[in-house]
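Take a look at the model first, then read on.

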Amino acid sequence: MSEIEIGRGKRAITSFTLDDVAVVPRRRTRDVQEVSTSWQLDAYHLDIPVLSAPMDSVSSPEMVIGLGRAGGVGILDFEGLWTRYEDPRSVYAEIAETSGEESNALLQRLYAAEPVKPELIGRRIEEIRAAGVVVAGACSPGRAKKIVEPAREAGVDLFVIRGTTVSAEHVSTTREPLNLRTFIYDLDIPVIVGGAVTYQSALHLMRTGAAGVLAGYGGGAASQTLRTVGIAAPMATAIADIAAARRDYMDESAGRYVHVIADGSLGTSGDVVKAIACGADGVMLGTILARAKEAPGAGWHWGPEAHHERLPRGKRVRVGTVGSLEEILYGPTTGADGYTNIVGALRHAMSATGYSDIKELQRADLCVVHS
């Protein structure tokens, strides 16, 4: 990784976004029927490397079940509307009808009006489990200790701890921080944790026993983290660095493999292809899935950063609706914007570069297309 001087007293690393890179075809190609998008996430064999972002505009119980039946993993936000309200459909309608200037204030009010209810966590898990799909849910690091018990009792399969930045060494003088190593060891359920954006932070998370690490800040189109607090991490470099941490941790741990899941800045099928080529095992999609007809946000998209009670670092954005979940994942499509037939695009890229599965695509050659 190179550095540049931005002034006499400061140097900065050179890093790349997914827009800055492209996959380079090799000499060999392959029939599209002979490639596989399946992968293994801990004990679960999945047909496609797709997880839904635990954002209320994306992941209702219906969407979670739909994605599970389509071969991926839907993840419900255990701190979201579905665990605060018995039936949040009227709440969604109010969010959709509110003007842009007032949307953040409305979100803050709606999320503060009702607490997270343990009984609703259990009920949502039961609804999803009854459909016969993998049951996954997420919460922030600060609430993990409180939320994990009702989730575990209800039979959650995968537990996700997701935040803008998650570390294995959080420092606090006012409260007891979450000890990830102890938490994961005691839980006996696979845990995916993140976001991480550097080699060292990811390596620390892998050493806690996590089954997977989220690479990136999440948020994507709905995030205002760069504007509000000046923090950003270009995704191509972040994924590649964390993939290197996975490789080195395998050597350190005598073969333990930790999944790297790209989370953030994934707005098109091309971004999905490039994220895997940078080293990701799977992708966590927000904006792409928020465009589905079945998405509860009805064409609007927002994340938990948008309703923070004191410092929102996101906003509600209009992403529109482009088709059903089936069409977004598998097509057919008439558009060339990269919003639909995500899996078809991934299969075509693998065919054009000659790679037969996800693990092989991680070895693809890349070029820098912007400087």
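At roughly what angle do the axes of helix α1 (residues 61-69) and helix α4 (residues 118-130) cross? Keep in mind that this is a predicted model. The two axes cross at roughly 30° and come within 10 Å. With angles under 35 degrees counting as roughly parallel, α1 and α4 are therefore roughly parallel to each other. As for handedness, α1 passes α4 in a right-handed crossing.

Here's who does the touching on each side:

| Helix | Residues in the contact |
|---|---|
| α1 | P61, V64 and I65 |
| α4 | R124, E127 and I128 |

Sort the residues of this contact by type and you get four nonpolar, two charged and no polar ones.

Now stay with α1 for a moment. Its buried residues are P61, M63, V64, I65 and L67. P61, V64 and I65 also turn up in the contact with α4. After α1 comes G71, which has a positive phi, near 110°.

Zooming out, the largest nonpolar core has 113 residues, and the members that touch the most others are F159 and L289. Which helix gives the most to this core? That's α9 (residues 235-252), which puts in six residues.

Note on methods:
Residues are numbered from 1 along each chain as its sequence is written. This is a predicted model: local features need pLDDT of at least 70, side-chain atom pairs count only at pLDDT 80 or more; totals for chains, interfaces and linings use all residues. Side-chain values use heavy atoms; hydrogens and water are left out. Axes are lines fitted to C-alpha atoms, for helices over the stretch in contact, and angles run from 0 to 180 degrees between N-to-C directions. Helices (H or I, at least four residues) and strands (E, at least two) are DSSP runs, numbered from the N terminus. Angles under 35 degrees count as roughly parallel, over 145 as roughly antiparallel, 65 to 115 as roughly perpendicular and the rest as oblique. A crossing is left-handed if the near helix is turned anticlockwise from the far one by less than a right angle, and right-handed if clockwise. Contact means heavy atoms within 4.5 Å. Ala, Val, Leu, Ile, Met, Phe, Trp, Tyr, Cys and Pro count as nonpolar, Asp, Glu, Lys and Arg as charged, and the others, Gly among them, as polar. A nonpolar core is a set of buried Ala, Val, Leu, Ile, Met, Phe, Trp, Tyr and Cys residues joined through side-chain atoms within 4.5 Å. Buried means under 20% relative accessible area, exposed over 50%, partly exposed in between (1.4 Å probe, protein chains only).
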